[in-house]
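Subject: Structure handover

Hello,

Here is the structure I promised to pass on. Please open it beside this email and follow along.

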Amino acid sequence: MDKWVYTFGDGVAEGRAGDRNLLGGKGANLAEMCSLGLPVPPGFTITTEVCNFFYANGKTYPSSYAAEVEAALEHIASLTGKRFGDPEQLLLVSVRSGARASMPGMMDTVLNLGLNDETVVALAKESGDARFAYDSYRRFIQMYSDVVMGLDHEVFEEILEDEKGRLGHELDTELSAAEWQDVIRLYKAKVEEELGEPFPQDPLKQLWSAIGAVFTSWMNARAMTYRRLHDIPESWGTAVNVQAMVFGNMGESSATGVAFTRNPSTGEKALYGEFLVNAQGEDVVAGIRTPQNITEQARIDAGSDKPSLQKLMPEAFQSFVDISDRLERHYRDMQDLEFTIERGKLWMLQTRSGKRTAKAALKIAVEMVDEGLITPEEAVLRIDAASLDQLLHPTIDPTAERKVIGMGLPASPGAATGEIVFSSDEAEEAKAQGRKVILVRVETSPEDIHGMHASEGILTTRGGMTSHAAVVARGMGKPCVSGAGSLRVDHRTGTLLAMGATLKKGDIVTIDGATGQVLKGSVPMLQPELSGDFAKIMEWADKIRRMNVRTNAETPADARMARSFGAEGIGLCRTEHMFFDGDRIVAMREMIVADTEEGRRTALAKLLPMQRSDFLELFEIMAGLPVTIRLLDPPLHEFLPKTEEEIAEVAAAMNVSADKLRQRTEALHEFNPMLGHRGCRLAVSYPEIAEMQARAIFEAAVEAARKTGNPVVPEVMVPLVSLKSELDFVKARIDAVATEVMKETGSTFEYLTGTMIELPRAALRAHVIAETAEFFSFGTNDLTQTTFGISRDDASSFLEVYRQKNVIEQDPFVSIDIDGVGELVQMAADKGRSTRSDIKLGICGEHGGDPASIRFCEEVGLDYVSCSPFRVPIARLAAAQAAAARNRQ
């Protein structure tokens, strides 16, 4: 018989930490904390399988599910001596989501559930604090109406702000019990006015509706966006956790807070967090009140005059410190904790592995190895390879002039410059237009997820270090300054008031997530240096990984950058990118316009020394490491002018008639150039182009070997081969040129000739092509296009719709399609090895820098991956993780 509900409480739990797929991360960890004997309010978890059943069966539930929930409520009653819905022995509960992967703020929560006009009186009597009881009831009405009934919480905020203004109060905590009762009457009237029905009074109806709302929130827009950004499958579903309420808003001896066992921005080993006295959990993250520091040292560092938890409630603080240390040692990872103190007693509401910046992740992993908590291999596996991107963002030049216009909290490191926008929709629109923006908000909410993703950085005027903006920005690797209270955002006029100046939408600002400064205008930036903890993790990773990591580079700057990041050669040098500058494009166009082979060779002779110089510098930078150079790939028309004005200008510069240039341009026009006269087809039609490039490669190799003392073994790659006979034809020209250069220079050198596997026919006939090819490089960009029959340039118009409708899980141009394109790669690799056992195999498409695709490359047994320079560290780490995972199988 299926089990849908798992209970926990009083040191006994039906689940454990390993049940996160079934109970979600929150439910599994509540069960684990309970089993460890920690103070956890009793409750139960409704499994993720109920969520999947809910969506698979028209938003209905399994037949035995209701009885299991009712039995679980009785279980809570037996442990607390309180009963749900019973005014004489009042039990209130919270209803929270909990997916297996942490999705902070993306789904819905309801607190204080079970309150109504009758039970609120009982709560006031039982607690001896009417103000607390009515504050809790108004919170419940507001939260339940928003989450379950669909009435926006801002409707209630307006009522509350109006009432505070009328009464002369600044803070919520200043309202009396009687004043809260007036607010509650206004809230209930508003519900009935807007929705045409009274606020529900039946506690069981409240509970069932709240559970349904949490399951429904799995498919809300912000949760779907978050899952898309973080590659979380929809099929995972969410669990629902129902727990007995404990109250942080029960007076001055009560509090609520969030904390990390180590600093999530820097990785420093120090308790890091915030709390509020006489508050509930949402107050801390919502930024409605400025939180206080947990430790005295943090208070001093922040320059706050508000007492720390350490000073205010020393006994509860010490209990929390002890539990924090215990949980970190138990889970062997930095923990993100939520807690409530009810009249001096500490209750733990959540623990999970804390989200952290890449910098912090590296420091925490290295220090945990030093502390003996984890092994170097575990440290390597702990780092999200894609997150290393965060370390590669610019920082502000310390010598730059800073026109500081505001100061906030350094919520997420890095620096960013952009135009001010005040809404997430504006941010997304600007991003689509290629403009860089800073999203400026009073505070962010989960609805801002798309705008935060589209912006270069986030600036808020309210909220602390654990506010929504701070947590989400850190997870995205975006710079963020939060709680910049000296700034004023006026959405009505679309302005930002800063130190007497008025900035408007479109004005440029810079934020420094390391210091919390907000700067006027654009500020010079520095590229980061990777050392220390990064170097240690990379050292461990390099010992573990099997595959080499090369880079895609054709400029000296890119090659040097890639070498500084640890690239072990060049896996793709796109020679066509070298032809677009200055004199080169003129000579290239002369070659294209020429009517005869002699004319083409004359133009190519001008390009030869330029190409030779390019290759020489790349060979010198790589100092004997392998360099794969792809012969000319794109169709010739790409080098010619397009408009009449451009044609006239270029014709005059080339001293040819505009008519002749126009005729040549029209003659080269193709209806589908991606599948047209390009790649090896150009080398067959115009072998003199391949001969010039081969000569430049070999002459540069000889010169580089002479200069550096390191022998150079160039790898000449023929693109877009589908027939062995094509490769045979081009290779014969390459070999002939090599023989000529050896004879002319009096030197001998080794070289390899291979091809890109980027057409399905090449993969199918790889065993035949390998008779000639000495290496294969999988060009998965084009292989994906030709396998799917999709143009990468046009696919964005529908691939995202496919994702949203669950037709595909991932964009195949971002992460390799393992089932289709991947099968062709596996087939070609196997067939190639069957013919030539020592054939060198690599990948040079965009997938070479994608961690999921790198895992696949490890499984196939490729020799190397090649990616853009800034993704080399990501690829090194991902390759190590893939090797470690494979070794553990």
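Below is what I found, taken topic by topic.

A caution before the details: this is a predicted model.

**A buried strand**

Start with strand β8, residues 238-244. Seven of its seven residues are buried, so β8 is largely enclosed by the rest of the structure. The cut-off here is a relative accessible area under 20%. In a regular strand, side chains alternate between the two faces of the sheet. Both faces of β8 are covered. On one side sit T238, V240, V242 and A244, all buried.

Which strands pair with β8? Strand β3 (residues 43-46) is one of them, running antiparallel to β8 and joined to it by four bridges. Within that pairing, I46 stands opposite V240. Strand β6 (residues 93-99) also pairs with β8 in the antiparallel sense, over seven bridges. There, V93 stands opposite A244.

**An eight-stranded sheet**

Next, look at an open sheet of eight strands. What is the order of the strands? It reads β15-β25-β24-β17-β18-β19-β20-β16, and the pairing is mixed. The edge strands are β15 (404-407) and β16 (409-412), each pairing on one side only. From one strand to the next, the twist averages 30 degrees.

Strands pair through backbone hydrogen bonds, either parallel or antiparallel. For an antiparallel case in this sheet, take β24 (residues 508-512) and β25 (residues 517-520). Four bridges join them. D512 has Q517 in β25 as its bridge partner.

**Aromatic pairs**

How many aromatic pairs are there? The count comes to 19.

F215 counts as buried because its value is 0%.

The pair of F156 and Y187 is edge-to-face. Here the centres are 4.8 Å apart and the planes stand at 70 degrees. Again distant parts of the chain are linked, this time 31 residues apart. F156 is in helix α6 (residues 153-167), and Y187 is in helix α7 (residues 177-195). F156 has 0% relative accessibility, so F156 counts as buried. Y187 is buried too, with a relative accessible area of 0%.

There is also an aromatic cluster to pick out. F54, Y55, Y61, Y65, W208 and F215 form it together.

**A nonpolar surface patch**

V801, Y802 and V807 make a nonpolar patch of about 250 Å². V801 is found in helix α31 (residues 796-804). Why does V801 count as partly exposed? The reason is its relative accessibility of 37%, which falls between the buried limit of 20% and the exposed limit of 50%.

Best wishes

Methods:
Residues numbered from 1 in each chain as written. Predicted model: local features only at pLDDT ≥ 70, side-chain atom pairs only at ≥ 80, totals over all residues. Heavy atoms only, no water. Patch = residues over 30% accessible without salt bridge, like charges linked within 9 Å, V, L, I, M, F, W, Y side chains within 5 Å. Areas by Shrake-Rupley, 256 points an atom, 1.4 Å probe, with all protein chains shown as cover. Salt bridge = Lys/Arg side-chain N within 4 Å of Asp/Glu carboxyl O. Helix = DSSP H or I, 4+ residues; strand = E, 2+ residues; numbered from the N terminus. Buried < 20%, exposed > 50% of the residue type's maximum accessible area, 1.4 Å probe, protein only. Pairing = 2+ DSSP bridges. Axes fitted to C-alpha atoms, helices over the stretch in contact; angles between N-to-C directions. Phe/Tyr/Trp six-rings, centres within 6.5 Å; stacked < 30°, edge-to-face > 60°.
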